[in-house]
Amino acid sequence: MQQRPLGRTGRNVSVIGLGTWQLGADWGAVTEEDATAVLAASVEQGVTLFDTADVYGDGRSESIIGRFLAQRPGHDITVATKMGRRMPQEPENYSPDNFRAWTERSRRNLGVDTLDLVQLHCPPSSVIEADGTFDALDALVADGAIAAYGVSVETVSQALAAISRPGVTNVQIIVNPFRLKPLDEVLPAAATAGVAVFARVPLASGLLSGRYTSDTAFSSDDHRSYNRHGEAFDRGETFSGVDYDTGVAAASELAAALPEGVTLPAASLAWIAAQNGITSVIPGARNVRQARSNAAAADLLDGGFDLAAFDAAVRRVYDERLRAEIHPQW
């Protein structure tokens, strides 16, 4: 598995990481045994980055990761967690006292003295623009509560504001064949500034798995049922903000452009990882098969797959089916 620098931290992380929202059981039930098996399978495939958050299962994801890593002393896994979604999304809630309380809780959940990386969890734009936000984060670094910090964002403008901050290690933003806008400005700016980029929602909440049809049903406790139009949180977090039926048709067209033996999810992950400026792609997995398949996508970066041809297909489908709907929103 290829490893890439995590900003200016001196750490390296795998080009394919693991997003662990699913392990919090916010996508339907996942047992702790199954969640632990996903973590183990990912590590066996060379994954060295776990991305989590304090609200994934109200801390369940962090706690499972903490117990898993406690059994592996000397591991080289970087755990990137997130904070800021435990309270209403009002700027005044992003205070030094709350930062400290949230990080203390994550340290307990993960069983560590110092958190590897803490990212603000898609905060309001005014939080990213405030000097006090980063003064408070710098204080946590100085105290040893966290080793580094970054920002998970929804929009290009938020990403650019975060990248301009000298202490920011990484930004996390939605990048996938259905969401191309970050390629224009965010990735070049991050590369110039030495800021890492994590590509989240890389398979558009499963749309780019190629397995879904217009008749696919999701359980009522799955955000793909209850947040299709942004009813619970930002619409872009579910199917990348794409209308479901439009996304199914676009995914089918992309799959048809692939050579025999290459799956759409593997091609999508490799295509994202091949973009200049991407540090790591963080797909989720609910089972061992998905975890292994995601990690194996890194093999397509070593040749044997025509990434340029797939890139042409991605841009054609985006322009013809998705640009009018998606690009103006973000």
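Author: Leaving out residues up to four places away in sequence, Pro 124 touches Gln 89, Tyr 94 and Gln 158. Keep in mind that this is a predicted model. You'll find Pro 124 in the loop between β6 (117-121) and α4 (125-129). For a sense of distance, take Val 248: 124 residues separate it from Pro 124 in sequence, and the two C-alpha atoms are 31 Å apart in space.

Now on to the charged pairs. By the rule used here, there are 13 salt bridges. One of them joins Lys 82 and Asp 51, with the closest N and O atoms 2.6 Å apart. Lys 82 lies in strand β5 and Asp 51 in strand β4 (residues 49-51), so this pair ties together parts that are 31 residues apart in sequence. Both partners are buried, Lys 82 as well as Asp 51.

Next, look at Asp 131 and Arg 165, whose side chains meet in a salt bridge at 2.8 Å, N to O. Here, too, distant parts of the chain are linked: Asp 131 is in helix α5 (residues 131-143), while Arg 165 sits in the loop between α6 (156-163) and β8 (168-174), 34 residues apart. Arg 165 has 17% relative accessibility, so it counts as buried, the cut-off being under 20%.

The pair Arg 315 and Asp 311 has its closest N and O atoms 3.0 Å apart. These two are 4 residues apart in helix α12 (residues 307-326), so about one helical turn separates them. Arg 315 is partly exposed, with a relative accessible area of 34%. There is also a network: Glu 253, Arg 316, Glu 320 and Arg 321 are joined by salt bridges that share partners.

From the charges, turn to the greasy side. In soluble globular proteins, nonpolar side chains tend to be buried together. In this model the largest nonpolar core has 92 residues, and those with the most contacts inside it are Phe 50, Phe 99, Phe 178, Leu 254 and Phe 310. Helix α10 (residues 264-273) gives the largest share of this core, 8 residues. Another core lies apart from it, with 9 residues, including Leu 49, Ala 80, Leu 117 and Ile 282. If you zoom in on Phe 310 and skip residues up to four places away in sequence, it touches Leu 254, Leu 258, Leu 264, Ala 267, Ser 268, Trp 271 and Phe 305.

Setting aside neighbours within four places in sequence, Ser 14 is in contact with Met 1, Gln 2, Gln 3, Gly 46, Val 47, Thr 48, Leu 49, Thr 279 and Ser 280. Ser 14 counts as buried, at 0% relative accessibility.

One last stop is the second largest pocket, which holds about 190 Å³ of space. It is lined by 15 residues, and the closest to its centre are Leu 69, His 75, Val 79, Leu 110 and Val 112. Both α2 (60-70) and β5 (78-83) supply at least two residues of that lining, and α2 gives the most, with 4 residues. By class, the lining has 9 nonpolar, 5 polar and 1 charged residues.

Methods. Residues are numbered from 1 along each chain as its sequence is written. This is a predicted model: local features need pLDDT of at least 70, side-chain atom pairs count only at pLDDT 80 or more; totals for chains, interfaces and linings use all residues. Side-chain values use heavy atoms; hydrogens and water are left out. On a 1 Å grid over the protein atoms alone, a cavity is a set of points where a 1.4 Å probe fits but cannot get out, and a pocket is an open set with protein on both sides within 12 Å along at least five of seven lines; lining residues have an atom within 4 Å of a point. Grid points are joined across faces, edges and corners, and a volume is the space filled by probe spheres set on the points. Ala, Val, Leu, Ile, Met, Phe, Trp, Tyr, Cys and Pro count as nonpolar, Asp, Glu, Lys and Arg as charged, and the others, Gly among them, as polar. A nonpolar core is a set of buried Ala, Val, Leu, Ile, Met, Phe, Trp, Tyr and Cys residues joined through side-chain atoms within 4.5 Å. Buried means under 20% relative accessible area, exposed over 50%, partly exposed in between (1.4 Å probe, protein chains only). Contact means heavy atoms within 4.5 Å. A salt bridge is a side-chain nitrogen of Lys or Arg within 4 Å of a carboxyl oxygen of Asp or Glu.
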